[in-house]
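Colleague: I have a structure to go through with you. Can you put it up and take my questions as they come?

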Amino acid sequence: MFSMQGICKSFGGIEVLSDISLTLQSGDRIGITGANGVGKSTLINIATGFLAPDHGWIQLNDLMLTNCPAWEFARAGIRRTFQSSRFLQTATLGEQLFLAGHAPEYRNRLADLLDHSNLQSSLHLFPDEISLPLLRKAEVVRGLVTQPEILILDEPSAGLTADELHQFGTFLNQQLGRKTALVVVEHRLDFMAIVTDTVVEMKLNQGLQVRAD
Amino acid sequence: MDPYLASVLTNMTLIAFLAISAYLVLVVGEVSFGQQAFFGIGAYLTASVTVLADGHVIWALLTAVVGGAAGTLVLGLLTIRLSGLYFAISTLCFAELLRFSLLQTRFTQIIDGRKLGPDGPEGFSNIRWIFDNHFDATDFLLLSVTCLTVLLLLLFGLARSRLMLQARMVGNDPILAQSQGLNPTHYRLGFITLSGAVAGFGGGLFALFNTHIEPAMFGVMLGVHALTYSIIGGLGSPIGPLIGVVLDIGLLESIRQLAAYRMIVFGGLVALFLVFRPEGILSHRLVARLKRRWGRRHV
């Protein structure tokens with residue numbers, strides 16, 4: 001379904017990614033871990049179109065996405081979250097979630113996600129009035145409401161306590177559905193154990209083949 | 001109505017078009033120091049159509065709208081890869097370029113024994129539409145207030161729309177917008193072009209009202225003021241820029257004792273706002289609270 005092959009990326013002559021490949025099938029749940037600076041964030045940015053690879057190609061179903069802008073990745077069904085939850089600070093959470101799920105075919109899905117997320121009581125609040133665990137959930141709701149092919153989470157554990165992280169993992173498991181593939185980039189292996197089937201470790205300057213077993 | 005009062009109010013209404021035009025660019029996260037040029041284009045086009053081509057005023061204003069929009073679209077396309085400081089500087093250069101072009105534009109004709117048309121730095125005189133149609137100060141005030149009201153109603157519709165929320169997302173956080181599948185370029189070009197249309201229309205009315213226009217009227221300071229109206233009034237509502245206009249022109253320029261100190265007082269006011277309330281009077285937050293209080297739907 002999704003495939004990126006032979007991805008290389010250098011910044012100013014320093015090679016960050018060399019020959020990375022990632023293949024995902026519908027419903028795969030893959031965790032990527034690794035020390036700081038091995039290029040996990042770069043990998044996410046390339047897989048979501050925010051950075052263009054120097055070499056290699058990216059394909060989703062029959063669509064070639066190599067060198068497409070990030071918004072085309074998102075429209076094609078590759079959604080992501082950010083390390084620090086990213087919301088428009090000048091609009092309420094409700095406005096933003098209803099914006100993401102405005103299309104008629106997503107309305108039921110949104111209502112369903114909201115019912116299971118205890119976000120209902122925070123919809124009228126601005127993002128900076130909402131606690132971090134709820135914002136993390138809200139980001140997942142925003143990503144899942146469009147029923148994406150792939151959801152990529154960038155360090156969802158950042159700032160969460162063990163309990164909150166566990167709850168977040170349970171919520172994610174319940175709501176992910178069978179179709180969407182999940183990629184989690186994360187240090188916390190306890191969280192990976194809850195939400196992923198396969199965990200791979202990235203190492204500096206080593207090629208990597210990621211696929212679900 | 002007292003003609004002086006009517007003319008002050010009309011002036012405020014006309015500048016409001018320019019302020020709203022600057023506001024529309026701010027919505028998509030850019031700062032334009034060049035909206036006055038598109039106001040000027042609108043003014044010159046309206047004058048040309050009514051005076052030189054003897055066209056109907058509707059056509060004249062329509063030409064101004066199209067001309068303003070075309071001007072900003074060209075600017076938007078030229079600066080498609082620029083943002084922030086670089087975009088702001090480009091708008092300033094583009095506007096000055098247009099103003100200098102107007103300074104060089106001489107296209108006068110003798111009609112009924114009068115020299116008419118743009119005459120370089122002398123400008124464009126004898127725009128006699130309001131005299132020919134027997135408009136007095138109050139009539140013209142009514143006309144311009146009506147036009148502004150229609151524009152505001154359209155903008156209120158826009159402000160409640162998904163499109164506006166998406167544009168604000170593009171303006172505040174282009175990375176977030178892209179991650180939601182929005183193409184920032186489309187929104188930026190769309191809003192910048194819209195801003196030119198609004199400025200052009202306002203400029204058209206300005207030419208009809210003033211009966212004489214010249215390039216010096218469309219200098220940088222006009223654009224800077226237009227921009228600061230939104231800083232003071234806030235971006236939370238299309239009413240925001242109007243508050244700025246009322247404060248600056250309504251209070252400062254029109255009260256004669258204060259007029260001499262206008263620049264000092266107004267500049268100080270802007271500085272105070274930037275320090276103590278950078279989001280302006282009508283911030284998004286305040287507008288949301290007011291809506292909540294008045295029992296509108298939360299989302």
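Modeller: Before anything else, a term: helices are DSSP runs of H or I with at least four residues, numbered from the N terminus. With that in place, Ala70(A) sits in helix H2 of chain A, residues 70–76. The model is a predicted one.

Colleague: Is Ala70(A) buried or exposed?

Modeller: Ala70(A) is buried, because 26 other C-beta atoms lie within 10 Å and the cut-off for buried is 20 or more.

Colleague: What does Ala70(A) touch?

Modeller: Leaving out residues up to four places away in sequence, Ala70(A) touches Thr48(A), Gly49(A) and Phe50(A), plus Gln178(B) and Ser179(B). Phe50(A) is 20 residues from Ala70(A) in sequence, and their C-alpha atoms are 5.1 Å apart.

Colleague: Now chain A by itself. How many helices and strands?

Modeller: Chain A has 7 helices and 10 strands. Its C-alpha atoms fill a box of roughly 50 × 35 × 35 Å along the principal axes. Of its 213 residues, 43% are buried.

Colleague: What about the radius of gyration of chain A?

Modeller: It is 17 Å, which agrees with the value near 17 Å for a compact globule of 213 residues.

Colleague: And chain B, how many helices and strands there?

Modeller: Chain B comes to 14 helices and 2 strands. Its radius of gyration is 19 Å, close to the 19 Å from the globule rule for 299 residues, so chain B is as compact as a globular protein of that length. The box for its C-alpha atoms is roughly 60 × 40 × 35 Å along the principal axes, and 46% of the 299 residues are buried.

Colleague: What share of the contacts in chain B join residues at least 24 apart?

Modeller: Counting contacts between residues at least 6 apart in sequence, 75% in chain B. The corresponding figure in chain A is 70%.

Colleague: Let's do helix packing. At what angle do H3(B) and H9(B) cross?

Modeller: The axes of H3(B), residues 57–78, and H9(B), residues 184–210, cross at roughly 145° and come within 7 Å. The crossing is right-handed.

Colleague: Which residues meet there?

Modeller: From H3(B), they include Ala64(B), Gly67(B), Gly68(B) and Gly71(B); from H9(B), they include Ile192(B), Gly196(B), Ala199(B) and Gly200(B). The residues of that contact divide into 12 nonpolar, 11 polar and 1 charged.

Colleague: Last one, H6(B). Which residues are buried in it?

Modeller: Phe140(B), Leu141(B), Ser144(B) and Leu148(B) are buried in H6(B). The buried residues of H6(B) pack against H1 (3–27), H5 (129–132) and H9 of chain B.

Colleague: What span should H6(B) have?

Modeller: With 23 residues, 137–159, at 1.5 Å a residue, H6(B) should span 33 Å. The end C-alpha atoms of H6(B) are 32 Å apart, which agrees.

Terms used:
Residues numbered from 1 in each chain as written. Chains lettered and ligands numbered in written order. Predicted model: local features only at pLDDT ≥ 70, side-chain atom pairs only at ≥ 80, totals over all residues. Rg over C-alpha atoms; globule rule 2.2 N^0.38 Å. Buried ≥ 20, exposed ≤ 12 C-beta atoms within 10 Å, placed from the backbone. Contact = placed C-beta atoms within 7 Å. Axes fitted to C-alpha atoms, helices over the stretch in contact; angles between N-to-C directions. Left-handed = near helix turned anticlockwise from the far one by under 90°. Nonpolar A, V, L, I, M, F, W, Y, C, P; charged D, E, K, R; others polar. Expected span 1.5 Å × (residues − 1).
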